[in-house]
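Here is my note on the model you sent. Please read it with the structure open.

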Amino acid sequence: MGFRCGIVGLPNVGKSTVFNALTASQAPAENYPFCTIDPNVGRVPVPDERLDRLQALLRMPKVTPTTMEFVDIAGLVRGAHQGEGLGNQFLAYIREVEAIAHVVRCFADPNVAHVHGSVGPRLDIEVVNAELLLADLEGVERALERLERRAKVGDKTAQEDIGLLRQIHAALSRGEPLRRADLPPAAKPIIESLHLLTAKPLFYIANIDEEGIQHGSPWLDEVRRVAADEGTAVVPLCAKLEAELAAMSPAEADEFAVLMGLTERGMPQVIRVGYRLLGLITFYTVVGTELRAWAIPRGTKAPQAAGKIHSDMERGFIRAEVITVDDFCAIGSLAAARERGALRAEGRDYVVQDGDILYIRFHVTS
């Protein structure tokens, strides 16, 4: 799997329509709050030009791309951290994702109610972000209470963690999401153990209308200003149009997208942003009759990449034979690459690079 991305936002901003567009699903997308109660989940293959080139050359019987999982989560309202609306369910589901796509309404439609009465992206963003931050603050305060009780009876580990938790609490009290907070590396395990929401990478999907595709939108500009201040990304997306395209044949969709002035579909943009925020890269394997892509964090060493394939490969790792996709395609075959000495033998300290093809050598004794 590539990564698991939660689609969040206020009610009636188009989350389920975005979900349908990205996954070609038919999740309900009605005009009333909390249409989505249980989260809809859709898994889609990640478009991969390098995988396509390898398959065109190798003609493997089985090709497995990496995938991205989208989770369409119920709309959040003010007070969600205290259980308002479907707040508790919302927060529980979002703790399970790796990245957050915050859908912001950037279109006017008198037939689609807005929970605040009128379109205002900055306010919408502030409400959602504040609820995530307040939920984290409450979680940290509960954890501090537990640790302080343990510290009183002499738990040295608890005493050490209290200092880190207080730094986390101070950042949240300043209104600072943990993804942007200047915290020591030792705080990371605590943040992960508490599943804190504001530590997750977040980007915005600006749900624009068809007019916005052609001429832009002041609401889209507002989202871009907020994102620039936060150091994150914005994907402009006309969810209604994208959902219509997803229901067409590929040829019809391509023709209609050009007609509408759509230079790139939404899903590749969302995946590209998600990969960048999570620091993911892709490597490839050719084993037996299967050509496969794998997503790993940038900086992963060869044994850990092998472990992504199978734990025995990491445990018994000997070396990896490595060639880039570009070099492999230029040479034309594994046999020719071996003859030319184009495969590099790399050991346990090799850091896998984006676009590597790995042939793992390992041995496991019983």
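**Notes on the predicted model**

1. The second largest pocket has a volume of about 510 Å³. Its lining counts 17 residues. Nearest the centre of this pocket lie K188, I191, E192, A199 and K200. By class, the lining splits into 10 nonpolar, six charged and one polar residue. Keep in mind that this is a predicted model.

2. Now the overall make-up. The protein chain has 366 residues, and 49% of them are buried. Its secondary structure comes to 15 helices and 12 strands. Take the contacts between residues at least 6 apart in sequence: 69% of these join residues at least 24 apart.

3. Strand β5 spans residues 99–106, and eight of its eight residues are buried. Both faces are covered. On one side sit A99, A101, V103 and R105. On the other are I100, H102, V104 and C106. Note that R105 is among the buried residues.

4. Which strands pair with β5 in the parallel sense? One is β1, over four bridges. Here V8 stands opposite H102 of β5. Another is β6 (residues 202–208), where the parallel pairing runs over seven bridges. In that pairing C106 faces I208 of β6.

5. Look next at I7, in strand β1 (residues 3–8). Is I7 buried or exposed? I7 is buried, because its relative accessible area is 0%, and the cut-off for buried is under 20%. Beyond its neighbours within four places in sequence, I7 contacts K15, V18, F19, L22, F70, V71, D72, I73, A101 and V103. The last two of these, A101 and V103, lie on one side of β5. I7 and H102 are 95 residues apart along the chain, yet their C-alpha atoms are separated by 6.0 Å.

6. The largest nonpolar core holds 60 residues. Which of them touch the most other members? They are M68, F70, F203 and Y204. Setting aside neighbours within four places in sequence, F203 is in contact with C5, I100, A101, H102, T232, A233, V235, V270, V273 and L277. A second, separate core has 21 residues, including L137, I168, L183 and I190.

7. Strands β8 (residues 280–287) and β9 (residues 290–297) deserve a look. They pair in the antiparallel sense over eight bridges. The two strands form a hairpin with two residues between them. In the turn, G288 has a positive phi of about 60 degrees. Across the pair, F283 has W294 of β9 as its bridge partner. β8 is mostly covered, with seven of its eight residues buried.

8. R59 is not a glycine, but has a positive phi of about 55 degrees. R59 lies in the loop between α2 (49–58) and β3 (62–64). R59 counts as exposed because its relative accessible area is 64%, and exposed means over 50%.

9. The other is H195, also a residue other than glycine, with a positive phi near 55 degrees. H195 sits in the loop between α6 (188–193) and β6. How exposed is H195? H195 is partly exposed, with a relative accessible area of 44%.

How values were computed: Residues numbered from 1 in each chain as written. Predicted model: local features only at pLDDT ≥ 70, side-chain atom pairs only at ≥ 80, totals over all residues. Heavy atoms only, no water. Buried < 20%, exposed > 50% of the residue type's maximum accessible area, 1.4 Å probe, protein only. Pairing = 2+ DSSP bridges. 1 Å grid on protein atoms, 1.4 Å probe; cavity = no way out; pocket = protein on both sides within 12 Å on 5 of 7 lines; lining within 4 Å. Points joined across faces, edges and corners; volume = space filled by probe spheres on them. Nonpolar A, V, L, I, M, F, W, Y, C, P; charged D, E, K, R; others polar. Core = buried A, V, L, I, M, F, W, Y, C linked by side-chain atoms within 4.5 Å. Contact = heavy atoms within 4.5 Å.
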